[in-house]
Amino acid sequence: MPDIQTMLSRTFNNFFDSEKSSGIFLIFCTLLSLALANSSLGPDYLSFWHAPVAGLTREHWVNDGLMAIFFLFVGLELERELYSGELSNLKNALLPIVAALGGIGVPASIHFMLNSGTPTQAGTGIPMATDIAFSLGVLAMLGSRVPASLKIFLTALAVIDDLGAIIVIALFYTAQFSLAYLASALGVFVLLLVLNRVFKVMSVPFYLLGGALMWFFMFKSGVHATISGVLLAFALPFSAKAEDEESPSHRLENLLHKPVAFIVLPLFALANTGLIIGPEWQESLSGTNSLGIIAGLVIGKPVGITLACFLAVATNVCRLPSDLKWSHIFGAGLLGGIGFTMSIFIANLAFSGKADIVDASKLAILLSSLSSGILGFLWLKLFSHETQHDARIYPRS
């Protein structure tokens, strides 16, 4: 991780600013969805999302189709971090990698201990996730009160966290597996790699067409179709040169900033947070699944992230940047408890066809994310001082 004179690339700042705006808009969409679902328009609102279109419900199209674009964007951001960002240097990458592992392992362990051997054990992956848009949105609201290194740390942590969630989805949330379709999807991926590495094809439409075909095969394979978005990201030609307008990966990442922030994620929120909060809502939160989600996100995330970092620093595996304090790390851990998008996504997969458990899980996720966001904001505001500048410098060329 960089020291006090942290240099942030233009692409990073664009990404960070997009997540700030997206987080605010997501809050609005979530509140709107909850209000509509619990109003006289509730039945019509819910039936709209559950109505079939071309064989799938609108909610299904959002979760399997549009969210593939979100995963493509996450993949592009992960690729940039791995090749030219903070994760490209092992010394810099170790701290957020260790933090992400702690933030994945401890929450999952808490949920598993509470639900092992029960029908809700499948929800173990729910509290593993960190929502990039919300967590960075809350951090951005603190402005110059937090050091630039903390912005980089939380971004890298959230991206690695999402990678972990993607792997979990691919390995454990697969239904009606078809080896033939999976092989076809991987065959398209290899073909795109050949177009990139051998024939040096730079035209984005070729890759998008291949990505659409890969999505179809992945959808039919039983492995969640959104995984195709991540594979497409790594098949695209990438340039490690900062702000390289000739790089298809760079151009597509910039192109997707706004659509993902203001179309894809808001539609996901509208389609998935229409919860009817009945008189038994408190009872639904007392189940072991809900308690595992709440404890995992609100307690497990900050404890896991902070403890993992402390052990890594104590054993000289890595070190804290000189402008970060342990209070910053704990604050980032609290913000890591904002699961929202990925947690809801995994809840849908974990309890497919069990609407009551899905709704209870979503309510636990919303309350946990709200609590984590408020606690993280107040903690960092209390223990951070406005002494650092925003370091909006663009040195990478």
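What radius of gyration does the protein chain have, and what would a compact globule with 397 residues have? I found 20 Å for the chain, which agrees with the value near 21 Å for the globule, because that is what 397 residues would give. (The radius is taken over C-alpha atoms, and the globule rule is 2.2 Å times the number of residues to the power 0.38.)

Before going on, I noted that this is a predicted model, where local features need pLDDT of at least 70, side-chain atom pairs count only at pLDDT 80 or more, and totals for chains, interfaces and linings use all residues. Residues are numbered from 1 along each chain as its sequence is written, and side-chain values use heavy atoms, with hydrogens and water left out.

Next I looked up the box: the C-alpha atoms fill roughly 55 × 55 × 40 Å along the principal axes.

Then I checked secondary structure and got 15 helices and 2 strands. (These are DSSP runs numbered from the N terminus: helices are H or I with at least four residues, strands are E with at least two.)

I looked up burial too: 56% of the 397 residues count as buried, meaning under 20% relative accessible area with a 1.4 Å probe, protein chains only.

Last, I checked confidence, or pLDDT, which the predictor gives each residue from 0 to 100. The chain's mean is 89, and 91% of its residues reach 70 or more. Residues 387-397 are below 50, yet I see that this stretch has 31 contacts in the model beyond near neighbours in sequence (contact means heavy atoms within 4.5 Å).

Conventions
Buried < 20%, exposed > 50% of the residue type's maximum accessible area, 1.4 Å probe, protein only.
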